[in-house]
Amino acid sequence: MRNIVACNLNSYGKYHDGAYSHLAKIGLTNVEIAAPAPGDVDNVLAELKSHGLTATSVAAGCDVQDENIVSDFQACLDAAEQVGVKVIFTSAHAGDHDRNVIYERLRQIGENAAPLGIKVCLETHLDLAHNADVALETMQGVNHPNICINFDTGNVYFYNHNVTAVGELRKIINHVGAVHLKDTNGGYRTWHFPALGEGVVDFKGVFQILNDAGFYGPCAMELEGIEGEDIDEAGVQARMEQSVAYLKSIGIMD
C-alpha cells in the first residue's frame, strides 16, 4: 500500500493563500484543512477540486473542559462527513478538571463519531497526550475505538526529555489514528522545526512501525519553522519542496 502523505496548511504560515496552488505544482494532492463552517462546505470542496486536492483530515477545536463540548463538537463531525473526511485532528486539555469527566466527554464524542466512521485524534500536546505513557492512560480511560492519537513526531521531543519518536510511537502504535510529520533538533521546549530530514527524527523508523502495524495514513507534514527566523514565501515553499523530496528519497512517497 502507498502512504497517504498530506500537508497541514499551517506549514505555509502567513503565506497560506498561495498554499493550494503550490501544493498542486509540486504534486502533493492531500491536505489537512480547518473544519469548514456549515455554509462554507461547498466553497471549500470547490476550491480543493479546482487545484486537484483532497482533504484527508480536518482540524477542529475540542474544549473538553466545557460541559457542552459533546453537543458543540457535533458540528465538527458533520463538517468532516460533508467534506468526505474520516479523520479529525484536535487538541484537548484537561487542566484541573476531573479526568474521569474528561474521559466520559471524549467517550461520548467517540460514540457520536462512530456511526460516521470518523476517528477523532488527539494531538501530542499537554496534558492528555504529550508522551506515550500519558496518551496510553488517556486511551485506556476513554476506552473508545473512535478516539485515537494524532502522533506528532516533533512534539514528543518538544514536551519531553530523553525520548525518541520511534520509541514513543512503538508504545502507542495501537491507538494511532493520524500522524503529523515534523522534524526537530530534539531540544526540549525548543521551537526548531525545519524541513523534514534536517533534524533528529528517524522517519524511516517511524514509517517502519506504522506500516508494520498496517497504518498508511493520513500523515500530514507540519513544518512549523524555526523561532526567530526571517523567511519569505519562496523560503517556505522551498522547505516544503525539500521535505517532499526527502520523503521520496527514503521511499515514503512515490
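## A tour by selection

Begin with Gln 140, which is exposed at a relative accessible area of 58% (exposed means over 50% relative accessible area, buried under 20% and partly exposed in between, with a 1.4 Å probe and protein chains only). This is a predicted model, in which local features need pLDDT of at least 70, side-chain atom pairs count only at pLDDT 80 or more, and totals for chains, interfaces and linings use all residues. Residues are numbered from 1 along each chain as its sequence is written, and side-chain values use heavy atoms, with hydrogens and water left out.

Gln 140 belongs to helix H6, which spans residues 132–142 (helices are DSSP runs of H or I with at least four residues, strands are runs of E with at least two, and both are numbered from the N terminus).

**Backbone sites**

Next, select Asn 143, in the loop between H6 and strand S6 (147–152). Asn 143 is not a glycine, yet its phi is positive, at about 55°. Its relative accessible area of 59% makes Asn 143 exposed. Move to Arg 189, in the loop between strand S7 (176–181) and strand S8 (192–193). Here too is a positive phi in a residue other than glycine, near 55°; Arg 189 is partly exposed, at 43% relative accessibility.

Two peptide bonds come next. Select Leu 126 and Asp 127, which are joined by a cis peptide bond with omega of about 5°. Asp 127 sits in the loop between strand S5 (119–123) and H6. Then select Gly 217 and Pro 218, where the peptide bond is also cis, with omega near 10°. Pro 218 is in the loop between helix H9 (203–212) and strand S9 (219–221). As background, most residues other than glycine have a negative phi, and most peptide bonds are trans.

**A buried arginine**

Which side chain of opposite charge is nearest to Arg 105? Select Arg 105 in helix H5 (residues 99–113), then Glu 67, which is that side chain, 5.2 Å away. Arg 105 is buried and has no salt bridge (a side-chain nitrogen of Lys or Arg within 4 Å of a carboxyl oxygen of Asp or Glu). Show Val 64 as well: its backbone oxygen lies 2.7 Å from a polar atom of the Arg 105 side chain.

Select Leu 9, His 16, Tyr 20, Ile 33 and Ala 34, which lie nearest the centre of the largest pocket among its 15 lining residues (on a 1 Å grid over the protein atoms alone, a pocket is an open set of points with protein on both sides within 12 Å along at least five of seven lines, a cavity is a set where a 1.4 Å probe fits but cannot get out, and lining residues have an atom within 4 Å of a point). The volume of this pocket is about 290 Å³ (the space filled by probe spheres set on the points, which are joined across faces, edges and corners). Strand S2 (30–34) and helix H2 (41–50) each supply at least two lining residues, and S2 gives the most, with 3.

Methods
Lys and Arg count as positive and Asp and Glu as negative; His and the chain ends are not counted. A polar contact is a pair of N or O atoms within 3.5 Å; within protein, one must be able to donate a hydrogen and the other to accept it, and residues adjacent in sequence count only if both atoms are side-chain atoms.
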